[in-house]
Amino acid sequence: MKRKLRSNFPRGSYLWAVRNAHWHALGIPEEDCEKPKIAIINTSSELAACFSHLDGVAAELKQAIREAGGVPFEVRTTAPSDFITGAGARGAYILSARDLVTNDIEASVEGAMLDGMVCLTSCDKTVPGQLMAAARLNIPSLMVSCGYQPSGEYRGRHVDIEDVFVGAMHVVTGNLDREELIGMSREAVKGPGVCSGMGTANSMHIVCEALGMALPGSTPVAANSARMRDAVRQAGQRIVEMVWEDLKPRDILTPGSFANAARAVLAVGGSINSVKHLQAVAVEAHCEVDVYALFERLADQVPVLSAVRPVGEHTIEAFDAAGGCQAVLKQLEPLLDIDTLTVTGRSLATELHDVTVADESVIRPMASPVASRPAIVILRGSLALESGIVKTGIVERKVRRFTGPARCFSTSDDALVALQQGEIRPGDVLVMRGAGACGGPGMGGGASRVVFAIDGAGLGEEVAMLTDGHLSGLVCKGLVVAEISPEGSVAGPLALVEDGDRIVIDLDTRRCDLEVEAEELEQRLQRWRPSRPLFDTGWLQQYRHNVQPLTKGAVLVRSSEDAVD
């Protein structure tokens with residue numbers, strides 16, 4: 001006997017009657033109103049290529065859900081794209097929109113008391129926003145990767161959106177001709193889908209599968225490919241089964257699954273943004289996991305097994321052909337918690353049983369990794385009391401301990417001017433603060449632009465950088481300690497740094513320290529006053545006043561231990 005659905009109300013009752021009136025007008029037969037009602041979460045938008053194909057995907061998914069015995073309802077959310085919605089408020093809408101996605105979903109899906117949902121995952125912030133909603137609502141949910149975009153060629157060389165981003169900042173520092181950049185921009189994106197490198201979007205698509213929240217073998221995938229469309233059809237069938245089985249996200253999102261996701265990110269040298277997003281999902285799932293500590297503990301256990309641009313030279317297409325996330329998990333199998341559950345209703349062990357790796361030169365076995373040192377390192381110390389993150393990449397660094405005087409800036413524009421005028425010199429530590437979750441707000445502030453400008457100025461190996469801002473998932477250049485916490489908008493060590501202070505960054509001891517006497521810091525603290533908030537109206541004001549620190553994933557909800565009865 002099938003279980004009672006929460007979306008069904010007694011025939012002839014108020015809620016039944018008013019729903020029936022609306023749905024009858026939409027052409028839904030009365031008998032269908034008793035079937036599982038499935039939300040299709042669609043972040044379609046004409047603003048960016050990332051989302052431009054999602055309406056077509058949603059149409060195919062609707063048909064698959066109907067054939068499986070469900071009733072689909074398409075739900076739209078906000079659709080942030082770093083390269084488009086990063087223009088306003090110094091990028092403050094990018095991370096903050098992640099939580100808008102979550103709340104959009106809650107309002108529509110929980111308000112209507114639908115039975116399950118399929119999330120069409122696309123650009124960077126939509127993926128964690130959807131995962132957070134699935135964890136919060138805890139109704140049967142399935143993530144479907146909608147794929148990466150095709151890149152192009154310019155003057156006989158591969159060119160993608162990362163090349164355009166880097167090139168733009170090389171123009172700023174006079175290292176690239178403007179017309180060359182314009183030419184590159186015309187060829188970098190040749191169709192719909194997310195950035196083609198192992199940036200935040202593809203990293204988070206892999207996270208979905210490693211967590212068990214996406215169908216095995218479905219990430220990454222080329223947008224609009226036959227394999228993507230096959231996964232869409234499978235998802236339509238599976239979500240209806242999940243509703244009848246009552247298989248919920250919190251059955252899947254366990255400490256073991258978060259550890260598996262962290263291992264997968266480390267193995268592909270993925271985006272450091274994955275760390276805070278995974279922490280946010282854990283908070284929403286009420287799962288007591290310290291994701292930052294997970295990455296810290298697992299870093300030395302998990303070798304880098306694949307080097308996709310920008311970490312290495314392999315393309316995402318080659319990684320996909322080699323077996324993608326499922327192949328990475330197969331190589332990592334001895335390290336994984338294979339008893340974790342997936343959306344199939346089966347264990348990870350079962351799903352990996354017959355998996356083979358198509359190309360071990362692209363996705364290597366653990367015995368012959370691309371690099372034995374971790375590609376992502378968590379630092380702590382007197383300047384990063386809670387944490388800081390370094391994406392070290394796979395190149396063996398000549399300098400693993402950097403000591404130098406601080407050069408402090410409150411905006412990326414000021415830092416760029418200093419670089420253009422030659423005021424940043426070899427040995428300096430460029431400090432850019434005021435770009436944290438609260439101070440930015442939303443971690444806007446253009447830290448990535450400064451990183452690429454340092455590279456464009458030819459100082460990539462001679463200057464270190466510290467920031468409370470976040471970096472694009474495409475950033476893998478120079479020695480940059482990002483997401484310093486506590487951030488500079490609060491009365492912590494980063495806020496008290498002054499020009500000339502000696503800063504020490506040590507990758508081997510994993511420390512980031514400020515060499516200033518405690519008495520001097522206490523005197524500075526007495527003088528310190530917070531800066532006047534920027535962009536303190538509307539949504540950004542609400543975000544600033546409610547955002548939690550990075551240790552809680554920069555979410556807008558209090559964890560259970562903070563709640564007041």
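At what angle do the axes of helix 4 and helix 21 cross, and within what distance do they come? They cross at roughly 75° and come within 10 Å. Keep in mind that this is a predicted model. Here's a quick look at that helix pair, a second one, and a glutamine.

**Helix 4 and helix 21**
- Helix 4 covers residues 92-112 and helix 21 covers residues 538-546; since angles of 65 to 115 degrees count as roughly perpendicular, that's the label this pair gets.
- On the helix 4 side, the contact uses Ala92, Tyr93, Leu95, Ser96, Ala97, Asp99 and Leu100, while helix 21 brings in Trp539, Leu540 and Tyr543.
- Sorted by class, the residues of this contact are eight nonpolar, one polar and one charged.

**Helix 8 and helix 12**
- Helix 8 (residues 200-211) packs on helix 12 (residues 273-284) at about 40°, and the axes sit 10 Å apart.
- That angle makes the two helices oblique to each other, and helix 8 goes past helix 12 in a right-handed crossing.
- From helix 8, Thr200, Ser203, Met204, Val207 and Leu211 meet Asn273, Ser274, His277 and Leu278 of helix 12.

**Gln331**
- Gln331 sits in helix 15, residues 324-332.
- With a relative accessible area of 11%, Gln331 counts as buried, because the cut-off for that is under 20%.
- A polar atom of the Gln331 side chain lies 3.1 Å from the backbone oxygen of Ile363.
- Leaving aside residues up to four places away in sequence, Gln331 touches Leu305, Val357, Glu360, Ile363, Arg364, Pro365 and Met366.

Technical notes:
Residues numbered from 1 in each chain as written. Predicted model: local features only at pLDDT ≥ 70, side-chain atom pairs only at ≥ 80, totals over all residues. Heavy atoms only, no water. Axes fitted to C-alpha atoms, helices over the stretch in contact; angles between N-to-C directions. Helix = DSSP H or I, 4+ residues; strand = E, 2+ residues; numbered from the N terminus. Parallel < 35°, antiparallel > 145°, perpendicular 65-115°, else oblique. Left-handed = near helix turned anticlockwise from the far one by under 90°. Contact = heavy atoms within 4.5 Å. Buried < 20%, exposed > 50% of the residue type's maximum accessible area, 1.4 Å probe, protein only. Polar contact = N/O pair within 3.5 Å; in protein donor to acceptor, adjacent residues only side chain to side chain. Nonpolar A, V, L, I, M, F, W, Y, C, P; charged D, E, K, R; others polar.
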